Structure formats: structure tokens, C-alpha cells
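Visitor: I've got a model open and I'd like to talk through its charged pairs and its pockets. Can you show it to me?

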Amino acid sequence: MRVLIAEDSVLLREGLARLLEMNGLSVTAAVGDADALVASVAQDPPDLAVIDVRMPPDLTDDGLRAAIRIRREQPGVAIVVLSQSVEERYANELLATGTERVGYLLKDRVADVQEFIDAVRRVAGGGTALDPEVVSQLLLRRRSPIERLSPREREVLEVMAQGRSNSGIAGALSISESAVAKHINAIFTKLDITGGEEDHRRVLAVLRYLGVEDPTDRASGGGRP
């Protein structure tokens, strides 16, 4: 896997590079500002980019805005955003491009190296990795789509939003995989998500759970039920 690192702190940038390479990933570039990030991706697209939110030139949300631009211009590049906090506006816009191949992790809550590496691999493989705090804060913006779900179904969907598989959900909630499958089918029914591939329905369920606009509906001019 070819990875690009965008982080303005030299020590953290070098530390991330060494950590990723020690775990078998190839770091193709390590840059310190948002402009260099966009230019590097355009010149030599990596499989995945690990991006800090607050970077030069403005030291505000330049990294996250660059990540959104990359998602639109280079959709084949997976994105893992690292942040000190949840930037709701741009996090919502980032997830509105789709929840596949995207992660949003909070630096202070990454307590286990292997979990971080697993999250990077999961996102690169087409999955999602969202810190639970990111999920919770985005949920505060809009809860109406999930009012029909039972408490257990909400728990299942919350863990699904973190990018977990059925087995991962089962482990997190201490229930069987068959129970997870039953709850997921109920979620699809209650959120009026029918037909299509299983992975696509899971993405739609997560988007509605987070109150994020479905990009398919936006492109067609339609709306969610």
C-alpha cells in the first residue's frame, strides 16, 4: 500500500512515516502544508493519504478542505483525517462524498497503534473508520431519521458507522452475528432502504444515521424519504 502523509509537525510526520513503514506500508511522500498535499496527490496519487486537519497556509482547517478537494478530484485515493477535534461543517461535507474509503480519527483518542494501523488498512480496502466521538457529535445535528429504530438497532448502526463488519459489531456489542444480521435488516426496513447491493445499503444507512446528504440523491436532484 502506498501512503502519503500530510502533517505540519515534523516530529509527528516522521513518527507516522516510521510507524507505517514498520507495519509494511510504503510512504511515498510526507508534506507539511495543504498546497503541497494537493500537488503531491495530483502528481503521484497514493492509495491512501493520512491528513492532519490544521495545516499551513492558514493553520485552520486547510487539511480537511484539501481532503474534500482530493475526494472530488481523485476519488480513488482513500482518506484518513487526523484531528484534535471534530470540525462539523467540513466533516459533514467530507462524508457527503460517500463513506467508502474514508476515515476521521481524533489524535488524542488513538491509544493503540495496532488499532490505528487496522483502521488505515480498512479504509484503504474500501471501508470506513470513524471515531465514536465524531459519530456522536455529528448525530447531535440531526437525529430524526433514526427515531423509528429501537435502542439496540441504534447501537448496531452506531458501531456500523465506525466501519465495523458484522463480526466486529457482534464483538463490540457482545451479541451473535445472526442477531446483528437481523438488526441490520430491520434497520434497512425502518429507514426505507431497499434493493441494491448490501455494501451500498450499509453506506446509505450510515449516511442517514449521521444526517449527511446522500450524494446520489443530490446528483439526481432528489431527496431522502
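Visitor: Is Asp44 buried, partly exposed or exposed?

Guide: Quick background: this is a predicted model, where local features need pLDDT of at least 70, side-chain atom pairs count only at pLDDT 80 or more, and totals for chains, interfaces and linings use all residues. Residues are numbered from 1 along each chain as its sequence is written, and side-chain values use heavy atoms, with hydrogens and water left out. Buried means under 20% relative accessible area, exposed over 50%, and partly exposed in between, with a 1.4 Å probe and protein chains only. Asp44 has a relative accessible area of 35%, so the label is partly exposed.

Visitor: Which residue forms a salt bridge with Asp44?

Guide: A salt bridge here is a side-chain nitrogen of Lys or Arg within 4 Å of a carboxyl oxygen of Asp or Glu. The closest N and O atoms of the pair are 2.7 Å apart, and the partner of Asp44 is Arg2.

Visitor: How many residues apart in sequence are the parts that Arg2 and Asp44 tie together?

Guide: Helices (H or I, at least four residues) and strands (E, at least two) are DSSP runs, numbered from the N terminus. Arg2 lies in strand 1 and Asp44 in the loop between helix 2 and strand 3, so the distance along the sequence is 42 residues.

Visitor: Which residue does Asp52 meet in a salt bridge?

Guide: Asp52 counts as buried, at 6% relative accessibility. Its partner lies in the loop between strand 5 and helix 5. The N to O distance is 3.0 Å, and the partner is Lys107.

Visitor: What separates Arg65 and Asp62 in helix 3?

Guide: Their side chains meet in a salt bridge at 3.3 Å, N to O. The two are 3 residues apart in helix 3, so what separates them is about one helical turn.

Visitor: Which element gives the largest share of the lining of the largest pocket?

Guide: On a 1 Å grid over the protein atoms alone, a pocket is an open set of points where a 1.4 Å probe fits, with protein on both sides within 12 Å along at least five of seven lines; lining residues have an atom within 4 Å of a point. The largest pocket is lined by 17 residues. The largest share, 5 residues, comes from helix 5.

Visitor: Which helix gives the most to the lining of the second largest pocket?

Guide: That pocket is lined by 13 residues, with Arg202 and Val203 among those nearest its centre. With 4 residues, the top contributor is helix 10.
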